[in-house]
Amino acid sequence: MRPTSLTLRLVVAWTLLGLAASIWPQLQVLWIIAGAAFLLAALIDWLTLPKADRLALTRTLPGRFALGVKDLVTLSLRHTLARSLHVTVHDGLPAEAEAIGLPLTLTLPPGEPVELSYEAHFTRRGQHTFAPAHVLIRSSFGLWHRLYRPGSPSETRCYPNYEPIVRYTLLATANREEQMGIIKRRRRGATLDFHQLRDYQDGDVLSKVDWKATARRQVLISREFEEQRDQSVLLVPDCGRRMRAMDGELSQFDHCLNAMLLISYIALRQGDEVGVAGFGGIQRWLKPVKGLPAMPRLLNHLYDYEATTEPSDFIEASERVMALQRRRALIILLTNLRTEDTSHLSKAVHLLQKRHIVLVATLREAEMETRAARPIANIQDALSYGALSHYESQRAQVLRTLEARHIPTVDETAQHLPIALANRYLDLKASGRI
């Protein structure tokens, strides 16, 4: 409990009256009466504050939070007093959460619950706990404030941002993936599986016409094929210190997880199975799972992955993948390449290629492109630009070395990595390599 600004002003006024009474004795009686009246009013007003058990609060959280995405949190507050209460509410937010619209100030009517809503988002993935809310109640005369902590702790989880998956799902329903930037390519070769017969449509090639079915029904019937299923895709994210660099509001590792979620959804939708094997401080393993119902399992496995301060060992990661994944698979290695990675990465990929197809996806730092576009105004800018150009040329050399060894690569900024990775996966499917 603490005094309000009104109480402090009254104390100051009473003190000034006491100073005046010390000069003019005829004011002493007034000063004593004013002090007694103030103490009596303060005591009575203190008694009007409700007990803690007269106040109840419940919190309603969304089923899950997505990293960086705002969602609605609802508080339901009620009391059992016969009069209205003037309250200020601030929720017990975790340290990793940010909210818009707090604190909330309102008047609570007697006996009726009042619902309050605000938007919150998390800046870090994982499991988080909302503490009991902070409710500041003003007394009837406005002389006191008392802080209450009604309600109970609430636990929630923050997952990687799966908004691109939702967009892909909506567009895929109308066969409009191209609006998102995902390009469907016609498979080359003869590794298609028969799916069904359907009526001929404009644009169907004659080689797909089923002439026996056409003769029976007296209308053109085409054979519809689907891409080969039951392939394995293993995501191998780099969880080492190089992925801790920030790119916008999120770290590169968080952007990497967003791309992993999209490619996982697309692969599961294609009928392939998806597994995860982290390296660089995270040694967790998820055996490949299949079917869209397995998507929540992938989310629950990935939501609390974090980049560590440990270095990344590509050779150790490849040896571990070879031991865990016996079946031939598409290995998608997600990292942020450095110029010193050439020899280690080449040896690791060469080991993986003995059994698997390897795709190296690397994040290009958008900040580097921004700096390269700045005008050169002095010698310091020129030196910085020269160092940046040297770094980019060495990095490009690493990628050319991989491509020369027939290792597919994806080199994109964090914002464009999910779509670029999805396109490359579909391209590999269309080429019949997986």
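## Overall make-up

The model is predicted. Its protein chain holds eleven helices and 21 strands. Of the 434 residues, 46% are buried.

Contacts reach across the sequence. Take those between residues at least 6 apart: 72% join residues at least 24 apart. The accessible surface is about 22400 Å², and carbon and sulfur atoms account for 56% of that area.

## The largest core

The largest nonpolar core counts 47 residues. I332 and L421 have the most contacts inside this core. Helices and strands both supply it, each of the following with two or more residues: β14 (232–237), α5 (252–269), β17 (273–277), β18 (285–290), α6 (295–302), β19 (330–335), β20 (357–364) and α11 (417–431). The top contributor is α5, with twelve residues.

What does L421 touch, leaving aside residues up to four places away in sequence? Its partners are A259, I263, I332, L334, L359, A361 and V410.

## A second core

A separate core has 32 residues. Among them are A42, L49, V114 and I137.

In soluble globular proteins, nonpolar side chains tend to be buried together.

## Cysteines

The disulfide count is zero. C239 shows the gap: the nearest cysteine sulfur belongs to C256 and lies 7.9 Å away. A disulfide requires sulfur atoms within 2.5 Å, so C239 is in none.

Is C239 buried or exposed? With 0% relative accessibility, C239 is buried. C158 is buried too, also at a relative accessible area of 0%.

Technical notes
Residues numbered from 1 in each chain as written. Predicted model: local features only at pLDDT ≥ 70, side-chain atom pairs only at ≥ 80, totals over all residues. Heavy atoms only, no water. Core = buried A, V, L, I, M, F, W, Y, C linked by side-chain atoms within 4.5 Å. Buried < 20%, exposed > 50% of the residue type's maximum accessible area, 1.4 Å probe, protein only. Helix = DSSP H or I, 4+ residues; strand = E, 2+ residues; numbered from the N terminus. Contact = heavy atoms within 4.5 Å. Areas by Shrake-Rupley, 256 points an atom, 1.4 Å probe, with all protein chains shown as cover.
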